[in-house]
Amino acid sequence: FGWSRSRALSQASEFAGPLKKTLIDMTSETCAKYRLIADYSQRSQMNDIFEQRAGLLRKSLIAEIQVELNNNYFPRWLGPLFTGAYISVAARPVLTGHLTLGVFLATLSVFHEVSSDFSMLYKHLMSINTRLDSLKKLTVCFNMATDCDTLRVLGEERRKATRAEFEECLRQRQPLADAGMTKCDLIPIKLIDLCFRYSTADPWLIRDVNLRTSQGHKVAIVGPPGSGKASLLRLLSQSLLPKTGRVQVPGHLRVLFVAQLPVLFDRPLWENLAFGRPAFNDCELMRRILVELQMPQALKLLEPEFARRAALTPARPRFSKASGSREAVLRTAPLGSAASNGNCRSLLTIDGEDEEDISEEDSDDDGERKSLLKACCTASPEEEEERFVQDDLSWQNVLSFTEQVKLCLARAMIMNPEVLVLHRPFHNYDSATQQVVLDVLMRHIHNRGLALPPEEWADRRPRTLFFTPESRSQAKLADVVWQIDHSAGAVFEVAVEELSPDFVPTKNGEFARKLRTAWAGPAMEDHQKTWKSVQASGPPSRGATPRR
């Protein structure tokens, strides 16, 4: 009986549960988007929808409460039922003297105690049974297949390919010192036999794509609307996994994808900006980045936070080559030394466990964490209360939409990844602001980090940028242009002169691509063999006659 009643209660709860969630979600969405509702004068409509859904929830709760009430009455009537049955059976033996009155009354007392204990036990069992369904669903969710194994395999392949590429780079000549490059920086970024589609019923968005670019390049990805630019960018950042093939990014480089629309947390403005580096505590660097991006509203909102952190944290000079940062030691040590080859090889074993260890300021992280811990431990109750009040301020309503979009870019500049992937970074701005953002991105690439000391740029790794331009003039600033042909599922490199105003593949561009494909045959292989032999031979001697 208890099993059957628990099923009835579970069915009633399953019907009411989704209605509760729908009503809660609707209430939360109404509060978050109240300005839109008020602008369209649709408060009455939202009230009607709320009343309708609340009525459905009340009706579903009636069935649930009814089943629960019947379940609770069952043990209450079970005790009197057994007591009545015992009285009807034992009354005659008591009257005839075969059963003493004391035994009779003691047995009735036992029935009462047992029925009371059984009632409590029954309620606990019913409560457990009603939660078993939720536990079953949680168990299914906890045991669902994850992409951890896939990511582990991809990580191993990425490290293996990076080691092979590094061994190949070791056989090349050392780059010029003025270029600020080491042999690790010669490892290219590749798309190898890349194929992708969202489902087996869909056509291939990308099929058998083989491309490569060097570190430090600006790569513009162009194509008409709906051609798959966002999908290709997410494949580059490994937000999406290809069906076959792979995206080969050197294992020691961090990759960051920034979407077109702003994504903000309901947390303080500082925490949103420093989300990629939780231990970040450099107020001056953040201020310079916001000034570069022309974000006066954000600067004004952050002034109290700057003052608070400046009072809690003593000023520390930024790192230099002598500070012993891992990247500075790696990039300035001789190529054959243990500091160079050993550190680079150790970086190749990293699989994302500690990305901060390969950033430019990893030597400062311990100091930042200690200062933040000291600030948290020594803060007075009044300061904690004031900070809590500041966290509750709706700063997102103060910032304009333009600054909210810039905030996501500033967050990426603070994290300062080696490979930055931007989807339509100029779409939400006017022409003047587009130029500001474009100049910021150019300075980020040329200086290898925005607002960082320019005299130390050679100690930092090259910064690579993948982005989708809005016009041909923006695409001209790229070092490489990749054209997407959605009809063929192809991605190929084109010259800027071959681009159409709407970025639709042209016949001239297709003809030029066929010529390049034909040139990439035996003639190109012979050319590459000759070039490798020239590189392996080293620079010509002083007495040798230079080639013309």
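Predicted model: local features only at pLDDT ≥ 70, side-chain atom pairs only at ≥ 80, totals over all residues.
Of the chain's 548 residues, 40% count as buried.

**Helix H6**
- The buried set is Lys 229, Ser 231, Leu 232, Leu 233, Leu 235 and Leu 236.

**The S8–S9 hairpin**
- Strand S8 (residues 480–485) runs antiparallel to S9, and the two pair over 5 bridges.
- Across that pairing, Gln 483 sits opposite Phe 492 in S9.
- S8 and S9 make a hairpin with 4 residues between them, and Gly 489 in the turn has a positive phi of about 65 degrees.
- S9 spans residues 490–494; because 4 of its 5 residues are buried, this strand is largely enclosed by the rest of the structure.

**A nonpolar patch on the surface**
- Phe 118, Leu 121, Leu 125, Ile 128, Leu 132, Leu 135, Leu 138 and Phe 142 make up a nonpolar surface patch, together showing about 780 Å² of accessible area.
- One of these residues, Ile 128, lies in helix H4, which takes in residues 101–142.
- An α-helix has 3.6 residues a turn, so residues three or four places apart point the same way.

**The chain overall**
- Take the contacts between residues at least 6 apart in sequence: 71% of them join residues at least 24 apart.
- The chain's accessible surface comes to about 31800 Å², with 58% of that belonging to carbon and sulfur atoms.

Definitions and conventions. Residues numbered from 1 in each chain as written. Heavy atoms only, no water. Buried < 20%, exposed > 50% of the residue type's maximum accessible area, 1.4 Å probe, protein only. Contact = heavy atoms within 4.5 Å. Areas by Shrake-Rupley, 256 points an atom, 1.4 Å probe, with all protein chains shown as cover. Patch = residues over 30% accessible without salt bridge, like charges linked within 9 Å, V, L, I, M, F, W, Y side chains within 5 Å. Salt bridge = Lys/Arg side-chain N within 4 Å of Asp/Glu carboxyl O. Pairing = 2+ DSSP bridges.
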